Amino acid sequence: MGEARAHQSDQLELTLTTAPSNSSCAVTHNSPALVFSAGAWPGNFYHDFNENFIPLFITVDRFFPDHDFVIGIFNCSGWWLRHYIDLLSSYTRHQIINLDEEKAVHCFPSAIIGLISHGASIVDPTLQRGHHPKTLHDFRSFIAATYSKSHAPLRNETNVDYSPPLPPPLLPWRLEGRPRLVLLNRKGPRTILNIDKVYQAALEVGFDTVVYEPSRETSLREDFRLIDSSHALIAVHGAGLTNMLFLQKGSVLMQVAPKESDWLGSLFYGKMAVRLGLEYMVYDLGEDESLLGMDKATKERLAREGGNLENWVSITKRILKSAIKNLMASSFTSTYSSATMPGARITSKRKQTKTLTICLAPLLCFFALDIILTLIFGSFETNPTRTLDFETEEESSPWESPEPTWSITCDRSHFEYDLCYINRPSVLHPTTATLSAVDPTNSTPPLVETIRPYPRKWQHNAMETVREVTLTTAPLQSPCAITHTSPGLIFSAGGFTSNVFHDFNEGFIPLFITVDSFFKDRDVILAIVNCSDWWVDKYSELITRFTRHPIINLDKETATHCFPTAIVGLMSHGPMTVDPTLQRGAHPKTVLDFHTILTTTYGQGYTLPPQNRPKLVIIGRSTHRVILNQDKVLEAAKNVGFDVVVFEPTQGTPMREVFRVLHSSHVMIGVHGAGLTNELFLRPGAVFMQIVPIRNSWLGDICYGKLALRLGLEYIVYDVAIEESSLANELPKDLLDPNDQGGMLMNDWSNWEIYMNQNVTLNLARFGRYLERAYEKAKISMQKESSHADH
């Protein structure tokens, strides 16, 4: 491999070049280098882990499993390196180079620049192809191995002015037999003003409680010791919640989510909590429990009095009792009987602080303190998404709401979807899309919840066309016309349905996840709003894979239906994803299981035809993102050795035909667009090449690239050069910078249409090399299939 050289630069950008260096090697290494930046937000606990240590874990596991490599870091302050030196040293056997301080030229046999990320706070096993794919649990074990060690002199650093912290104070006496709760408080915005009242409430329900306010000088080793030895953690939404990485599996995490930011809490911390096997709760305050919207005098009074939030304290007690019940039911064992930490405010039963943290009201416009309890769902091992299991593979505790009198509960904490439950007999009136449950408390006024049951709630123009469903405890005057003994699942086939990507991304993949989570024997009745005749006709065979009963088209039905229980909405794990780390059943599913359903549905009775040459399918497009020289591309593919088919399916193309064209192919090529969803029908080992127009790479990766890896495809990306785009003569070059993928949207969302409507004219000489690479991979795949057939 080529020789890589690194030296300090004042620039944020690192340059790689084949030009000869004018400097000779001052330090020569026998091990390869991994060079990366400490990031744009070093010192923010969340970003330090999300953009550094989790991606570093993924990258090292992929390329350097023996840890024989040298770390070089730029944008790296001395404080940051000192703070994380123990963790950094666990990744490598060699000294760490601070490239901001280093002056000598270093030479390496090879080098990798950058880190691999699987997304927000995730280690995704479905994006790894090794024999032992890792998860976030493995990263947590890696952290535990680092900070559970007895402290040793730090030696794996260069250019580090390391001064050990002062000896930390001892943690207050641990109350034997009580679960420990850490109340993680903040200074400045998003502060819990009445932290002392919350502390007292926690004591009264049975917790050994610690109020913890870590600072920049708090040792991570002692931070870990406290959190690892605790059973529950409560914190307002913010970087401090990243401390959940130190909790042991089965612990309780309660996120205090600011108003209008449930989606943010779910994206950054909710899914991480589930992946870590924590019992996750979300709490949201009422209007009188937040400074947002209050007049100046009220804000000042609450600041002086430490808050007047009796309602929250009352609700918190009920939540904490539920948490204790869960904790005491588990066989959780703490690693440490005591913990220490420097520079932190700690409160115990023996010492209760009178300090009051003032909330800076002007800074709360975006992140206001507005905390809501949504749900505590399930037992430790059976229910990751805080939802009621109707069918489970293993025995579990019955679902119990913190407010057990509620007939209706809605989980609105997710970025992609809302989910509502009626856990008692209910009546569905199709013409009004109203689901009425019998309320044993005869609450006045009746409970009413509304939901648009389509898992793309973040995009308003999609949700506007989705029919709203009402759930209420108000009695319905109409009697049951049809009584079912099976539960109901109500969802929408509206939104962006009719675009094949959205048919699967917001339709059948979420339906697969939801049915697998709640109705493993498919004993569920699907009741669908926004249910078009063409959709039912096109996907009728696939729909029957999710239920044993006829579906109910609520747009046409007039009779009332009665169910013993019902769920409204579909669960989504993200774009084109079935995430096993968000499932806690005995047999978590992946997108390969969904692929199997497709093959079973549309491949029944189909036999692959004999083929001597690899078959290549070009997914054609007739409007925007068209390959303008497609005929020449077709000829070039034939010259490489392919049998070539141009395929442009329409809404009326039968799904069995789509399946057979793609499933019999060895290579699929297409410009970024909905047609690439047909990669779902390719066989594992097939080649998928995505032609990505200018500034579409990020979208191509989210929608189709990661899916290709999860399906076990050989994935190739062809990034369109500026001169290959129809925009080359329409826009200045600074608006075509391929390295600025998100800039076009961040500056002006109207740019979306510009970049999505470009066409491409492929450079045949350049594209030919990609075709040859695809041909080689296709031949290898054919040989493997032939070898398996012979055996």
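Guide: Two strands count as a pair if DSSP finds at least two bridges between them. In this predicted model, strand E3 (residues 33-37) and strand E4 (residues 70-74) run parallel and are joined by 5 bridges.

Visitor: What is the order of the strands in the open sheet of 4 strands?

Guide: The order is E5-E4-E3-E7, with parallel pairing. Strand E5 (97-98) and strand E7 (111-113) each have a single partner strand, so one side of each lacks a neighbour in the sheet. Helix H1 (residues 45-63) packs on this sheet and touches E3, E4 and E7, its direction making about 160 degrees with that of E3. Helix H2 (residues 78-89) lies across E3, E4 and E5, at about 155 degrees to E4.

Visitor: How many aromatic pairs does a search of the whole structure find?

Guide: The search finds 38 aromatic pairs. Planes over 60 degrees apart count as edge-to-face. The planes of Tyr606 and Phe659 stand at 75 degrees, with ring centres 6.4 Å apart, so this pair is edge-to-face. Tyr606 lies in the loop between helix H12 (591-602) and strand E25 (615-619), and Phe659 in helix H14 (residues 655-663), 53 residues apart.

Visitor: Is Phe659 buried or exposed?

Guide: Phe659 is buried, with a relative accessible area of 1%, whereas Tyr606 is partly exposed, at 21%.

Visitor: Which residue lies over the face of Tyr718?

Guide: Arg766 does, at 4.3 Å from the ring centre. Lys538 lies over the face of Tyr539, at 5.9 Å from the ring centre.

How values were computed. Residues numbered from 1 in each chain as written. Predicted model: local features only at pLDDT ≥ 70, side-chain atom pairs only at ≥ 80, totals over all residues. Heavy atoms only, no water. Phe/Tyr/Trp six-rings, centres within 6.5 Å; stacked < 30°, edge-to-face > 60°. Helix = DSSP H or I, 4+ residues; strand = E, 2+ residues; numbered from the N terminus. Buried < 20%, exposed > 50% of the residue type's maximum accessible area, 1.4 Å probe, protein only. Lys NZ or Arg CZ within 6 Å of the ring centre and 35° of its normal. Contact = heavy atoms within 4.5 Å. Axes fitted to C-alpha atoms, helices over the stretch in contact; angles between N-to-C directions.
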